[in-house]
Amino acid sequence: MFRNQYDTDVVTWSPAGRIHQIEYAMEAVKQGGASVGLRSKDYVVLATLKRAASELSSYQRKLFKVDDNMAIAISGLIADGRQLSRYMRSECINHRFVFETPMNVGRLVCQVADKSQVCTQRSWKRPYGVGMLVGGYDATGAHLYYTCPSGNYFEYKAMAMGARSQAAKTYLERKFETFEDCPLDELVQHALLALKESCTEGDLNSKNCSLAIVGVDRNLEILEDEDIQPYIRKMEADDGNPMETTADAAEPTVEGGADAEGTEGDEGGDATPMET
Amino acid sequence: VVPHGFVPTESNAPGNVDANVPLVPSSGGAPFAITEHNQGGFQHTQYPYVTGTSILALKYKYGVMIACDMLGSYGSTKRYKSVERMQTVGKNAVLAASGECSDFKYILTLMDGLTTDDYCLDDGQVLTPQEICSYLTRVIYNRRNKFDPLWNSIIVGGVGEDGDSYLGTVGMIGTSYTDSHIATGFGAHLARPLFRERQYDDMPEDEAKALLDDALRVCYYRDKQSINKFQVANITKDGATISEPYALSTAWHYNAFVNPAAHAVGTW
């Protein structure tokens, strides 16, 4: 994206009718680590690819529990994502306290979108640099939403975001019509296979992947490390890849040419410093 | 009580007002009456003025029935005889209240606000009876904490989306619970024993109505602040209806009523 004369602040329109600052914020989301979400009639599954800043560091969490019936996967400025997840948790808990029922997912997403929009229309603020996949189950069924820094939100049957997410989206576009009545195990496999499309060297393992499952008879569960091992193994078995053994200390997916923040630069091109 | 149009200034403000607190905006007008509730930020317990008496409610096979009379008493005076003390909220819930009638009206405006929000969001989710009751519990309890209670005993009855009946109550101090049969006011003493004996969750509709009528009759005989004009609300999964007003047959020909003091020594 080339530099423009009208991109100094978020309160300036360009003659082409665009606000470049918002678009730059959405670019930060695109540079973030991949996340995938999909849903059936009764379940929602979110899968994320975690990054580690270096071999010595831990993997950065991108999947957050918002309530027993809701989780978010974030891409972009993780710090902004944590703020939004704190807001969402607060709203959910207040709703539960007053109404003694879980909050409606769509209504909360709408509130987050309205909050994000405020940041696109104040000269002293900047847009949130984070896109969220919100998966949850409420009285109206299973839902998956995608919010972005512009303050828009959309409901999806399946969606991927972050670096190299187009490959995941292509996989999802091929398969999404079967998701509605898909049993949960298959749904999880689809999520992992879609996420795998976005990996470099196809390297998905229990260390750099996390999973969230919620649905009609399941409170939200976030699976990482050992808990995710069986799903990864099953995916690799079905895929014809060699089985991952427990003794296998899998290499963390540290992108080549990464700077200290561990960004996933495209072949050493513009490394966005915004991921961490 | 302050006359309408009275504009309070520092010179004519009643006694114990903190002079630093502005009573009205400088542009004039009386946006709210200065009463003993809120002068200088000091609040007192209210007193109820126009009150309703018992509400009776029970679950039956297909849903919930709620019954009450239509009297608004002004102290001992039976002043308003067509007061609707029940109201449907949304499609499948009915709210009924005893106690101060104007506080009930205020609660109904809160309910209107919630149902309007649901209508505008138009996302397929509607307020369930249980959510109404939980919400009201918080409202009532918070008012009680401010020493400015809503002087009502509220009953919420309805049938949720899943077909389950719900019957809950909220007292004026914020106590709240659910049960298969509930009564407020005098009904708690007079009607509940009847319910305990004869109510069961699977009871057929005519039996439930007969039980309610018997309980209403007892309340009418024994509660001095009641009239022989009742309404019954019936909520099933198909919706909520409130009946037209009706009266119950009563009998006053007993010998004991002719000379009630016959065996009471020293009474008049």
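Colleague: Hello! What is the mean pLDDT of chain B?
Modeller: Good place to start, as this is a predicted model. In chain B, 83% of the residues reach a pLDDT of 70 or more. The mean pLDDT of chain B is 87.

Colleague: Over which residues of chain B is the pLDDT below 50?
Modeller: Look at a stretch that has 24 contacts in the model, beyond near neighbours in sequence. Even with those contacts listed, its pLDDT is below 50. The stretch covers residues 8–34 of chain B.

Colleague: And what ipTM does the model score?
Modeller: There are two scores to read here. The pTM is 0.81. The ipTM is 0.80.

Colleague: Let's turn to the interface. How much area do chain B and chain A bury between them?
Modeller: Here 12 residues of chain B are in contact with nine residues of chain A. Of the buried area, 52% is on carbon and sulfur atoms. Between them, the two chains bury about 1,000 Å².

Colleague: Which three residues supply more of the area that chain B buries against chain A than any other three?
Modeller: This trio supplies 47% of the area on chain B's side. Its members are Gln125(B), Glu131(B) and Arg138(B).

Colleague: Which residue of chain B forms a salt bridge with Arg107(A)?
Modeller: The rule finds two salt bridges across this interface, alongside eight residue pairs in polar contact. In the salt bridge of Arg107(A), the closest N and O atoms are 2.8 Å apart. The partner of Arg107(A) is Asp118(B).

Colleague: Which element gives the most to the side of chain B that touches chain A?
Modeller: Two elements of chain B give two or more residues to that side: α1 (101–121) and α2 (129–145). By class, that side has four nonpolar, four polar and four charged residues. The element that gives the most, with five residues, is α2(B).

Colleague: Now a single residue. Is Ser180(B) buried or exposed?
Modeller: First find Ser180(B) in the loop between β10 (176–178) and β11 (181–183) of chain B. Its relative accessible area is 18%. Because the cut-off for this class is under 20%, Ser180(B) counts as buried.

Colleague: With which side chain does the side chain of Ser180(B) make a polar contact?
Modeller: Leaving out residues up to four places away in sequence, Ser180(B) touches Leu58(B), Lys59(B), Leu167(B), Gln199(B) and Asp201(B). The polar contact between side chains is 3.0 Å. The partner in that contact is Asp201(B).

Terms used. Residues numbered from 1 in each chain as written. Chains lettered and ligands numbered in written order. Predicted model: local features only at pLDDT ≥ 70, side-chain atom pairs only at ≥ 80, totals over all residues. Heavy atoms only, no water. pLDDT = per-residue confidence, 0-100. Contact = heavy atoms within 4.5 Å. Buried area = accessible area lost by both parts, 1.4 Å probe. Salt bridge = Lys/Arg side-chain N within 4 Å of Asp/Glu carboxyl O. Polar contact = N/O pair within 3.5 Å; in protein donor to acceptor, adjacent residues only side chain to side chain. Helix = DSSP H or I, 4+ residues; strand = E, 2+ residues; numbered from the N terminus. Nonpolar A, V, L, I, M, F, W, Y, C, P; charged D, E, K, R; others polar. Buried < 20%, exposed > 50% of the residue type's maximum accessible area, 1.4 Å probe, protein only.
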